Amino acid sequence: MKKLLLNSTGLEKMNIQLFADDPAGLLSKGSTLGYKPSGSAEGTYTTIGSVTSIPDIGSEPEKVDVTTLADGNRKYIKGLQDQDNLTFASLYRKSIFNTLKAAEKTDTVYDWKISYPDGTSFTFTGSFSLIFSGAEINGALSFSIVVVVSKGPDFVPSPTA
């Protein structure tokens, strides 16, 4: 019946997704994580070429109770956000791990940048630690980069947005 109605009105079936901003979505291929000593020149991020996953960015705000004695129900306003540590998974590559291990020992604070294929990015600042992952039969060796965020993360829209 639906098909007949479309044909009887002379209308072709329309793909509404063609009107969406990104109808097919965005593949994560090409996403990168980079770092540089905090405050150094822009554009000098060192890309970590073995990253296999990027964590969720952002956090839920705390609820601040603003209920008065006259209210029949509790009332809340949006409070501060507390950013969790950001943990990035990475395949073990000796040169990358050794470079990061040397940087970890300096207790330097770093600026970090997550870049996505469409030009969108997140920037944040923090120190980091490495965790060497356990090994299993027929499994790739890996490690985690755990960043304790001291500033950010800040969303940086794509230049074409």
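These are my notebook entries on a predicted protein model.

**Entry 1: ground rules**

I number residues from 1 along each chain as its sequence is written. Since I am reading a predicted model, local features need pLDDT of at least 70, side-chain atom pairs count only at pLDDT 80 or more, and totals for chains, interfaces and linings use all residues, while side-chain values use heavy atoms, with hydrogens and water left out.

**Entry 2: the parts list**

I looked up the elements and found 2 helices and 9 strands. Helices here are DSSP runs of H or I with at least four residues, strands are runs of E with at least two, and both are numbered from the N terminus. Reading along the sequence, I get the pattern α-β-β-β-β-β-β-α-β-β-β.

**Entry 3: the sheet**

In what order do the strands of the open sheet stand? I wrote down β2-β1-β7-β8-β9-β6-β3, which is 7 strands with antiparallel pairing. Two strands pair if DSSP finds at least two bridges between them.

Why is one side of β2 and of β3 left without a neighbour in the sheet? β2 (46-47) and β3 (51-53) are at the edges and have a single partner strand each, so one side of each has no neighbour there.

Then I checked some of the pairs:
- β1 (residues 32-37) runs antiparallel to β2, and 2 bridges join them; tyrosine 35 has threonine 46 in β2 as its bridge partner.
- β3 pairs with β6 in the antiparallel sense over 2 bridges, and valine 51 has serine 90 in β6 as its bridge partner.
- β6 is joined to β9 by 6 bridges, again antiparallel; leucine 86 has valine 147 in β9 as its bridge partner.

**Entry 4: the helix across the sheet**

I followed helix α2 (residues 94-105) and saw that it lies across β1, β7 (110-115), β8 (121-132) and β9 (142-156). Its angle to β8 is about 100°. Such angles run from 0 to 180 degrees between N-to-C directions, with axes fitted to C-alpha atoms (for helices, over the stretch in contact).

**Entry 5: inside and outside**

How much of the protein is buried? I noted 22% of the 161 residues. Buried means under 20% relative accessible area, exposed means over 50%, and partly exposed is in between, using a 1.4 Å probe and protein chains only.

I also looked up the largest nonpolar core, which has 20 residues. Such a core is a set of buried Ala, Val, Leu, Ile, Met, Phe, Trp, Tyr and Cys residues joined through side-chain atoms within 4.5 Å. The members that touch the most others are Leu100, Trp112, Phe128 and Ile145. Two or more residues each come from β1, β6 (86-91), α2, β7, β8 and β9.

Is serine 90 buried or exposed? Serine 90 is buried, at 0% relative accessible area. Its side chain makes a polar contact of 2.5 Å with the side chain of serine 50. A polar contact is a pair of N or O atoms within 3.5 Å; within protein, one must be able to donate a hydrogen and the other to accept it, and residues adjacent in sequence count only if both atoms are side-chain atoms. Leaving aside neighbours within four places in sequence, serine 90 is in contact (heavy atoms within 4.5 Å) with residues including Val51, Ser142 and Phe143.

I found isoleucine 57 in the loop between β3 and β4 (61-65). At 23% relative accessibility, isoleucine 57 is partly exposed. Beyond neighbours within four places in sequence, its contacts are Leu86, Ile114, Tyr116, Phe122 and Pro153. Isoleucine 57 and glycine 152 are 95 residues apart in sequence, with 9.9 Å from C-alpha to C-alpha.

Which bond joins glycine 152 and proline 153? I noted a cis peptide bond, with omega about 0°. Proline 153 belongs to strand β9.

**Entry 6: two positive phi values**

Aspartate 107 has phi near 55°, a positive value in a residue other than glycine. I placed aspartate 107 in the loop between α2 and β7, exposed at 67% relative accessible area.

Asparagine 138 also has a positive phi, near 55°. Asparagine 138 is in the loop between β8 and β9 and is exposed, at 83%.
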